[in-house]
Amino acid sequence: MMKNRHLSKAIAKQKLYDFKSKLQYKCEMQGIELVETDKWFPSSKLCSGCGAIKQDLKLSDRVYKCKCGLAIDRDFNASINLSRYKLVV
């Protein structure tokens with residue numbers, strides 16, 4: 001994202017590294033394990049029902065529709081997949 005000249009200033013202002021370090025600190029204080037996913041994990045493209053990967057998913061597709069019949073909000077589908085990340089890897 002930092003290589004994109006249109007987004008780099010906005011991304012730099014967000015201070016994501018600072019946020020990550022604060023999050024790690026808070027998790028350590030509360031005794032919570034922080035799990036960091038792989039950068040290329042297909043959380044949005046992976047079906048939370050059957051596990052199939054949809055290669056042709058566009059950013060404009062807000063509802064994830066799978067061949068198995070699952071129709072779910074794209075962000076909710078990604079959150080389910082991220083909650084299961086530790087079990088998958």
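I started with K67, which counts as exposed because its relative accessibility is 89%. My cut-offs here are under 20% relative accessible area for buried, over 50% for exposed and partly exposed in between, with a 1.4 Å probe and protein chains only.

Housekeeping before going on. I'm working on a predicted model, where local features need pLDDT of at least 70, side-chain atom pairs count only at pLDDT 80 or more, and totals for chains, interfaces and linings use all residues. I number residues from 1 along each chain as its sequence is written, and side-chain values use heavy atoms, with hydrogens and water left out.

**K67, continued**
I placed K67 in the loop between β1 (63-65) and β2 (71-73). Helices (H or I, at least four residues) and strands (E, at least two) are DSSP runs numbered from the N terminus. I also checked K67 against F41: 26 residues separate them in sequence, and their C-alpha atoms are 21 Å apart in space.

**S43**
Next I went to the loop between α2 (16-30) and β1, where S43 lies. Buried or exposed, I wondered about S43? S43 counts as buried, because its relative accessibility is 15%. Then I listed what S43 touches, skipping residues up to four places away in sequence: N77, A78, N81 and L82. Contact here means heavy atoms within 4.5 Å.

**Helix α3**
I80 sits in α3, residues 74-83, and counts as buried because its relative accessibility is 18%. Leaving out neighbours within four places in sequence, I found I80 in contact with S48 and I72. I80 and S44 are 36 residues apart along the chain, with 9.6 Å between their C-alpha atoms.

D75 is in helix α3 too. I logged D75 as partly exposed, because its relative accessible area is 45%. From D75 to L7 I get 22 Å, C-alpha to C-alpha, for a sequence gap of 68 residues.

**Whole chain**
How many helices and strands does the chain have? I count 4 helices and 2 strands, running α-α-β-β-α-α from the N terminus.

On size, the chain's radius of gyration is 16 Å, while a compact globule of 89 residues would be near 12 Å. That radius is taken over C-alpha atoms, and the globule rule is 2.2 Å times the number of residues to the power 0.38. The C-alpha trace spans about 40 × 40 × 20 Å along its principal axes.

I get 21% of the 89 residues as buried. Of the contacts with a separation of 6 or more, 32% join residues 24 or more positions apart.

For charges, I have 18 positive and 9 negative side chains, with the centres of the two sets 7 Å apart. Lys and Arg count as positive, Asp and Glu as negative, and His and the chain ends are not counted.

**Annotation**
Over residues 17-82 I find 35% helix and 9% strand, with the end C-alpha atoms 20 Å apart.

Technical notes: The place of a charge is taken as NZ of Lys, CZ of Arg, CG of Asp or CD of Glu.
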